[in-house]
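Here's a quick tour of one model, with the sequence and structure to look at as you read. Have it open and follow along.

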Amino acid sequence: MNIADPTNPTVAEVFEDVADGTEGAGLVEVFPDGPADDADLEAGEVIVAIEDDEIASPEDLTDVLADLDPGDEVTLTLVGPDGEREVEVELEERPVTLGG
């Protein structure tokens, strides 16, 4: 999945159906058959919390995930076009990103 600040004008189009000013880690793209897809996360949603930790930016998401391990089960709170929802997910190892 690709994440971005949902208030950033360069990706604002992806989040046009989410309330203005929603802060968090915006899902710009969800890769088919990846962990986010398996958890039914959708592009255009914004992660606003993991468990009791508020997520106000993509950096917050990275910081919270750094303290968790693959296999941990957590509750994500997301805001999307249909409002707020919670999703239980099992974290997986972060894939290696190859340079071009």
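Which exposed residues sit on the face of α2 turned away from its buried side?

## Helix α2

The exposed residues on that face are Glu59, Asp63 and Ala66; exposed means over 50% relative accessible area, buried under 20%, and partly exposed in between, using a 1.4 Å probe and protein chains only. Pro58, Leu61 and Val64 are the buried ones in α2, which covers residues 58–66. They span an arc of only 125° around the axis, so they lie on the same side of α2. That arc is taken over the directions from the helix axis to the C-beta atoms.

The buried residues of α2 pack against β1 (2–4), β2 (25–29), β3 and β4 (53–54). Helices (H or I, at least four residues) and strands (E, at least two) are DSSP runs, numbered from the N terminus.

## Two buried polar residues

Thr75 belongs to strand β5 (residues 73–80) and is buried, at 13% relative accessible area. Its side chain makes a 2.5 Å polar contact with that of Glu88. A polar contact is a pair of N or O atoms within 3.5 Å; within protein, one must be able to donate a hydrogen and the other to accept it, and residues adjacent in sequence count only if both atoms are side-chain atoms.

Glu45 sits in the loop between α1 (35–38) and β3 (46–50), buried at 6% relative accessibility. A polar atom of its side chain is 2.8 Å from the backbone nitrogen of Glu42.

## About the model

This is a predicted model: local features need pLDDT of at least 70, side-chain atom pairs count only at pLDDT 80 or more, and totals for chains, interfaces and linings use all residues. Residues are numbered from 1 along each chain as its sequence is written, and side-chain values use heavy atoms, leaving out hydrogens and water.

Conventions:
Contact means heavy atoms within 4.5 Å.
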